[in-house]
Amino acid sequence: MNSVLSLLKNPVLVAVILVTGIGGTFQYGFHISVLTAPSAYIKELVNSTCIQRYGLSLEHWQLSLIWSFIVSMYCIGGLLGALCAGRIAVTYGRKRCLMLNNLVVVCGAVLMVLSKTACSFEMIMVGRLVYGIGAGVGLTVHTMYVLDCAPKSLRGMVGATVGSFVSLGKFFGQLLGLSEIMGTEALWPFLLAFSALTGLLQLVCLYFLPESPRFLLLNRGDKSACEKALHQLRGSHADCRSEVEEMLAECVTVQTVRNHSVLELLLARSVRWQLFTIIITFITLQLCGINAVYLYASDVFRAAGIPAHNLRYVTLGTGLCEFSTAVVCGLVIEHTGKKLLMVRGYVSMSVALLLLTLTLYLQVHVSWMPYCSMVLIFVFIISFCSGPSCITAPLPGELFTQSFQSAAYTVACTLNWMGLFFVGMVFPLIVEHLDYFCFLIFFVFCFFTAVFVWYHVPETRNKSIMEITAEFDRMHNKAKHSETNLKALKDANTQNGTRL
């Protein structure tokens, strides 16, 4: 509660969170879920286009192949956006990068809204690619911007909003896709073009918000502009000297070091464990089984006796559950701690996956077992959103100093988009061959990540980047320090023996 009150005392920071979120990770989540509702209409457009142009009625496998391309183009665009986002953010600044990114989103929306009129499914493919580029840049720069603007005491809560806006985007994709709203044959192009509205809203609002203070001081070397931005974020009467001093201390540490490339990050031994943390957590974020659970949700709800025409509303309920849990996570994160929330989340997910495999196996033999599966699905979603979903995204900004951050975000977001592409392309084959036993694969990822975080990642709550770096060094150089102390003790004993 104290954290919430502290946040509300910074209205400009609240505006930064809302504005960057609605045009940042909201877009990422929205385009993951929005294609579900109009899929039948898009496939019909593909088939009618081929008949009109070539006199060819597509077979089922051909239509499925084109649909897979439409879906996967988003991941390809996201990967391209992630690869260039860090460099653009360092060169032009976080705020300006986000403003330019909205123009990309508007271009994608124009392609979507004209695709039906032009009778061109290729425009949808290109639009998905453009949307992916925008989401790849937005996912990276949104996280960098809000963490740079947040004070150390609120960084956990502010970082959790990144995951909250992903969940909100997924929920809005499901909500607007209902046939009562925009999921109709006449309105589906406007549903796919909805991002233009949020993009233009962010473009206008960002003009009135400050640039990242850390970028202004550490990248531009402009102390006066940094102080001005801090006073705008914290209030004109706030004492920002301690924050500036911390950033200056980091600046002194890295002033002789330029921004590192991805290759230099991969080869740097000084941040090896931070890099391991990013690689493992971001891979598990996509391979934890959340997509598999959503896929099986409809079958479980149907087996539990929910009528087919009401399944879409129950699915909407899972999206609402995900979003509300992410909000609660943001409220308690400063009190509970990020490490504990992540470990607890992955352990709960591991248990839920094991039990869900068992209940799915038994549901054909026991009449009430689908109800247990339904409860476990909600337990899994709550566990995912109460820790891993909200905490993973801001990790690169918390674990790495300014000189490594751009490369770290590039690595993290590249893994995220590659994982999303892998799940989209390979996951259906895994389900086809393993059925619900595929959850055992996801169990391994969740359990291994929980163990890794517990033993190898320090708590980051209410700590500066330099303090977190020192904690990593302390945790993983114990053996080295012990050897050094033992050698010093032996040398001292040898000297004493010589003297005697």
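How far is the sulfur of C240 from the closest cysteine sulfur? The distance is 8.6 Å, to the sulfur of C226, which is too far for a bond. The model examined here is predicted, with local features requiring pLDDT of at least 70 and side-chain atom pairs counted only at pLDDT 80 or more, while totals for chains, interfaces and linings use all residues. Residues are numbered from 1 along each chain as its sequence is written, and side-chain values use heavy atoms, with hydrogens and water left out.

A disulfide is a covalent bond between the sulfur atoms of two cysteines. With the criterion of a pair of cysteine sulfur atoms within 2.5 Å, the structure holds zero disulfides. A further cysteine to consider is C438, whose sulfur lies 12 Å from the closest cysteine sulfur, that of C446, again too far for a bond. Burial can be read off for both residues, taking buried as under 20% relative accessible area, exposed as over 50% and partly exposed as in between (1.4 Å probe, protein chains only). C240 is buried at 5% relative accessibility, and C438 is buried with a relative accessible area of 0%.

Next come the nonpolar cores, each a set of buried Ala, Val, Leu, Ile, Met, Phe, Trp, Tyr and Cys residues joined through side-chain atoms within 4.5 Å. The largest core has 135 residues, and I70, L265, W417 and F439 have the most contacts inside it. Helix α7 (residues 121-149) provides the largest share of this core, 13 residues; helices here are DSSP runs (H or I, at least four residues), as strands are (E, at least two), numbered from the N terminus. A second, separate core has 11 residues, among them L216, L218, V244 and C251. Returning to I70, its contacts (heavy atoms within 4.5 Å) beyond four places in sequence are L35, I42, V46, I124, M125 and R128.

Grid points are joined across faces, edges and corners, and a volume is the space filled by probe spheres set on the points. Two cavities of 30 Å³ or more are present. Helix α18 (338-362) and helix α21 (395-399) each supply at least two lining residues, with the largest share, three residues, coming from α18. By class, this lining has seven nonpolar, two polar and three charged residues, where Ala, Val, Leu, Ile, Met, Phe, Trp, Tyr, Cys and Pro count as nonpolar, Asp, Glu, Lys and Arg as charged, and the others, Gly among them, as polar.

K338 lies in helix α18 and is buried at 6% relative accessibility. Leaving out residues up to four places away in sequence, K338 touches R155, G156, I333, I391, E398, E459, T460 and R461.

The second largest cavity holds about 30 Å³. Its lining divides into two nonpolar, five polar and one charged residue, and helix α22 (residues 402-434) gives the largest share, three residues. As for open space, the second largest pocket has a volume of about 330 Å³. Its lining comprises 16 residues, with L7, I17, L18, T161 and V327 nearest the centre, and divides into 13 nonpolar, three polar and no charged.

Notes:
On a 1 Å grid over the protein atoms alone, a cavity is a set of points where a 1.4 Å probe fits but cannot get out, and a pocket is an open set with protein on both sides within 12 Å along at least five of seven lines; lining residues have an atom within 4 Å of a point.
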